[in-house]
Amino acid sequence: LSADVDVVPPAHLVRSVCELFVALVRLRVCHGDTKATNFLVVGERAALIDLDSMRPDVNGRGITRDLQRFLANWRDQPRIHETFVTAFRAAGLP
């Protein structure tokens, strides 16, 4: 994913990112460093890299920080930011 321009990613890629976060919630783990450069596009899907900060998240605060950090990537790109906020809400993410 690129944080350089305010071009909304395709819907399938937004869904894929949401699915990654939903999986983290389900597994009760947090990534710990969800900056844009730690997401790669592999084919039609997003993948997380740099897993050395991943840890258990029993109280949900870590995933909340992960989501906030991810959204901070798009602070200066309001269309992208709002696309992910809307998608996260629809996916039931905090």
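**Figure 1. Helices and strands of the predicted model.** Three helices and four strands make up the secondary structure of this protein. The model is a predicted one. Follow the chain along its sequence and the pattern reads α-β-β-β-β-α-α. The radius of gyration is 12 Å, close to the 12 Å from the globule rule for 94 residues, so the protein is as compact as a globular protein of that length. Along the principal axes, the C-alpha atoms fill a box of roughly 35 × 25 × 20 Å.

**Figure 2. Inside and surface.** Of the 94 residues, 36% count as buried. The accessible surface comes to about 5500 Å². Carbon and sulfur atoms account for 56% of that surface. Residues 24 or more positions apart supply 68% of them.

**Figure 3. Charged side chains.** The protein carries 12 positive and 11 negative side chains. The centres of these two sets lie 7 Å apart. Side chains of opposite charge can pair when their charged atoms come close. How many salt bridges does the structure hold? It holds two. The next two views show them.

**Figure 4. Arginine 45 and glutamate 19.** These two residues form a salt bridge, and their closest N and O atoms are 2.7 Å apart.

**Figure 5. Lysine 35 and aspartate 33.** Here is a salt bridge between lysine 35 and aspartate 33. The closest N and O atoms are 3.8 Å apart; the cut-off for a salt bridge is 4 Å, so the pair counts. Lysine 35 has a relative accessible area of 30%, so this residue is partly exposed.

**Figure 6. Aspartate 52 in a loop.** Where is aspartate 52 found? Aspartate 52 lies in the loop between β3 and β4, the latter being residues 55-56. Aspartate 52 is exposed, because its relative accessible area is 64% and the cut-off for exposed is over 50%. Compare its position with that of proline 94. In sequence, aspartate 52 and proline 94 are 42 residues apart. In space, they are 23 Å apart, C-alpha to C-alpha.

Methods:
Residues numbered from 1 in each chain as written. Predicted model: local features only at pLDDT ≥ 70, side-chain atom pairs only at ≥ 80, totals over all residues. Heavy atoms only, no water. Helix = DSSP H or I, 4+ residues; strand = E, 2+ residues; numbered from the N terminus. Rg over C-alpha atoms; globule rule 2.2 N^0.38 Å. Buried < 20%, exposed > 50% of the residue type's maximum accessible area, 1.4 Å probe, protein only. Contact = heavy atoms within 4.5 Å. Areas by Shrake-Rupley, 256 points an atom, 1.4 Å probe, with all protein chains shown as cover. Lys, Arg positive; Asp, Glu negative; His and termini not counted. Charge placed at Lys NZ, Arg CZ, Asp CG, Glu CD. Salt bridge = Lys/Arg side-chain N within 4 Å of Asp/Glu carboxyl O.
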